[in-house]
Amino acid sequence: MSPRMHFDEQLEQLDREVLKMGALVERALKGAAAVFTGRDRVKPRRVINDDVLVNRKERDIESLCFKLLLQQQPVARDLRVISSVLKMITDLERIGDQAADICRIALDANPPWPIERMGHLPQLAEAATAMVRGALDAFVKKDVGFVHEVMLADSEVDRLYALTRRELIELIRTDENISEVALEWIIVAKYLERIGDHAQNFAEWVEYSLTGILKGEALG
């Protein structure tokens, strides 16, 4: 096998490892979604316990990236792909952290959250989760069309975040019995908005790996 063929095989392995990490993060988001229904407290606990798996996968992928950079002779496009992956896994790790943080806040709530008073918070969670799924689809399909769909979806997440925040501030103002819980929900809403931002960053790094064009948002 030629050195180039061996290198290409390792790049394919890198793709597979990113997808494994993405699957772990998607599972974490599904577990976090359980807190917005109140029907399942097992999945959120699993998200917290499994966060170490996401972190471990990030370290494994970092090691593989550095191995490829140091032991091979990558051309310019290879360097672009590897550097993009290093950025992508940082965003995935942060999404996993924020999903776990949402679960911790929910499980620490006593009594459990009154789900029926959340306003648009569940819709915000759905929209942020859909952005992550779309970003991973862009990576799988190697298609900038999926990237642009993620960009468009970010405006909806921002709209839902602003709406949810207004609703919860009004809830704090009008009902002191739920003010502490509503403050927790505002924190959760911010985590969800940040998850959307990380999904957008991930998608922008996918586009960079494919085209060499890097949008400014991915620098943040």
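## A pair in helix α6

Asp 197 and Arg 194 both lie in helix α6 (residues 179-211), 3 residues apart, about one turn of the helix. Helices here are DSSP runs (H or I, at least four residues), numbered from the N terminus. The two side chains meet in a salt bridge, 2.8 Å from N to O. A salt bridge is a side-chain nitrogen of Lys or Arg within 4 Å of a carboxyl oxygen of Asp or Glu. Asp 197 counts as buried at 18% relative accessibility, while Arg 194 is partly exposed at 31%. Buried means under 20% relative accessible area, exposed over 50%, and partly exposed in between (1.4 Å probe, protein chains only).

## The model

This is a predicted model: local features need pLDDT of at least 70, side-chain atom pairs count only at pLDDT 80 or more, and totals for chains, interfaces and linings use all residues. Residues are numbered from 1 along each chain as its sequence is written, and side-chain values use heavy atoms, without hydrogens and water.

The mean pLDDT of the protein chain is 93, and 97% of its residues reach 70 or more. pLDDT is the predictor's confidence in each residue, from 0 to 100.

The structure holds 11 salt bridges. One of them joins Lys 142 to Asp 15, with the closest N and O atoms 3.1 Å apart. This pair links distant parts of the chain: Lys 142 sits in the loop between α4 and α5, Asp 15 in helix α1, 127 residues apart.

Glu 170 pairs with Arg 173 in another salt bridge, at 2.6 Å between the closest N and O atoms. Both lie in helix α5, 3 residues apart. Glu 170 is partly exposed at 37%, but Arg 173 is exposed at 62%.

## A buried arginine

Arg 80 is found in helix α3 (residues 76-108). Arg 80 is buried yet has no salt bridge. The nearest side chain of opposite charge, Asp 78, is 8.8 Å away. Lys and Arg count as positive, Asp and Glu as negative; His and the chain ends are not counted. Leaving aside neighbours within four places in sequence, Arg 80 is in contact (heavy atoms within 4.5 Å) with Tyr 208, Ser 209, Leu 210, Thr 211 and Gly 212.

## Helix α2

Helix α2 (residues 42-71) has 30 residues. The helix bends by about 40° at Asn 49. That bend is the angle between axes fitted to the seven residues ending there and the seven starting there. Its buried residues include Pro 44, Val 47 and Asp 51. Among what covers the buried residues of α2 are α1 (3-33) and α3.

Note on methods
Helix = DSSP H or I, 4+ residues; strand = E, 2+ residues; numbered from the N terminus. Expected span 1.5 Å × (residues − 1).
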